[in-house]
Amino acid sequence: MIRSLRGMNDTLEIEDSARFSYFIQTATRIATNYGFRFIETPQLEETALFKRSVGESSDIVGKEMYQFIDKGENDVCLRPEGTAGVVRAFVQNKYDRVETVQRFFYHGTMFRYERPQKGRLRQFHQFGCESFGEANVLEDASLILMVRDIFNALGINFTLKLNSLGDSNCMPQYRESLVSFLETHEADICEDCQRRKATNPIRVLDCKNTHCQDIYVKAPKLMQNLCEGCDSDFKTLTSLLDEHGMAYEIDTHLVRGLDYYSKTAFEFVSTEIGAQSAIAGGGRYDRLVEFLDGRATPAIGFAIGIERLMELIVMPEKTREGYYFGAMDENAISKVYKLGMQKRASEKVTIGYKARNLKAHLKAADKADAQYCVILGENELNNGTLWVKDLLNKTESEVAQETF
Ligand code: HAM
């Protein structure tokens, strides 16, 4: 038997597919309310796109890309995340020349060649939002509150972690002071951190090695070295979140695993799903559009990892809806099919294709969660009527076919 690849799953169990669709419906409704519109970008992009945006020093680009040379000798890769493709589409389609704010949402599969474990897959789904052209910190608050609204609507508990990664005014100076700190501890830090010191020093701060973490408790904090603009924006953001009753933890070691961030960085975590606890992550990336050859455009976004939510989503109570159509006589099948098809224009309809007795049809209607079981037998065929049972209100009636 040929099996699916490691870390790549099917979503076909009724419970899972219902949760998945319910998540997409809920997140789409909320993102639309916040002014976002749907965007779809390809799953395959030039490798250079991710090298330039996510960053060569990141684990995603350095170790986890599904990269290959295609039949036309192009160096391509399956997208490990959604932001880079959306920014490329934004620039390629000259949206960077449009003055108004542009907001997009997307959902789809992402690919990372990571070691699979609970909550960590090689093919997984994200729901993401990207907002372009708004430097106002009110937008940062809106995106965070939108994630909150999505999780609240789904009955998901979470903690918000928040940090500021500074900008081109304050980050370079901070990086220098962090590097000097690392140099004084060179012999004690892990090999990965020694490498990060040269490639992307701030990534040392979220090293998983506990010995390194003990050392970094004393490392200089960017939060205490922000320039005036970043400091004031961060304070405005936290007071906006306070005003909206949104609790947060400031985590000065939250640096995110992708290189394009500046200023606001955030992660939503759950304590109910084990080690892979991040259920959403995002932040500002004010320089990325320019970096990908567009006009300088401030931007901010986030992505939610859908698989990690599956066991957390509280589904609404199941209700009966729509119709089940069944024939009790071979001669009634074509009429039942016709009536059922007509009803499908406005209602959810299940049609039984075989002539069966009443009990079997009622059972099938119940299984299909239909509210009405509509039956056509020999009598009804002769009288031009239908027998209808309302499975919710437990009533029965006979109705004329032409009025149905
Ligand atoms: P990220 O933090 O790399 O950010 O991923 C976002 C979410 O995707 C994570 O919080 C997690 O829930 C889920 N995720 C990541 N890797 C896996 C995996 N291997 N298996 C299952 N779920 C996973 C980004 O991707 C950014 N593009 C977010 C963003 C959008 N920033 C700005 N705009």
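Predicted model: local features only at pLDDT ≥ 70, side-chain atom pairs only at ≥ 80, totals over all residues.

**Cavity and ligand shell**

A search of the whole structure finds one cavity of 30 Å³ or more. By cavity I mean a set of points, on a 1 Å grid over the protein atoms alone, where a 1.4 Å probe fits but cannot get out; its lining residues have an atom within 4 Å of a point. Grid points are joined across faces, edges and corners, and a volume is the space filled by probe spheres set on the points.

Residues are numbered from 1 along each chain as its sequence is written, and side-chain values use heavy atoms, with hydrogens and water left out.

How much space lies in the largest cavity? About 60 Å³. Its lining includes Asn163, Ser164, Met171, Tyr174 and Val255. Strand E7 (159-164) and helix H6 (171-184) each supply at least two lining residues; helices (H or I, at least four residues) and strands (E, at least two) are DSSP runs numbered from the N terminus. The lining holds eight nonpolar residues, three polar and no charged, where Ala, Val, Leu, Ile, Met, Phe, Trp, Tyr, Cys and Pro count as nonpolar, Asp, Glu, Lys and Arg as charged, and the others, Gly among them, as polar.

I turn now to the ligand. Of the 25 residues around the ligand (a heavy atom within 4 Å), Glu81, Thr83, Glu114, Glu130 and Tyr261 come nearest. From Ala278, a backbone N or O atom lies 2.8 Å from an oxygen atom of the ligand. The protein covers 96% of the 660 Å² of accessible area (Shrake-Rupley method, 1.4 Å probe) that the ligand has on its own.

Strands E6 (123-132), E10 (278-284) and E11 (299-305) are the elements giving two or more residues to this shell, and E10 gives the largest share, five residues. The shell divides into 11 nonpolar, seven polar and seven charged residues.

Methods. 1 Å grid on protein atoms, 1.4 Å probe; cavity = no way out; pocket = protein on both sides within 12 Å on 5 of 7 lines; lining within 4 Å. Polar contact = N/O pair within 3.5 Å; in protein donor to acceptor, adjacent residues only side chain to side chain.
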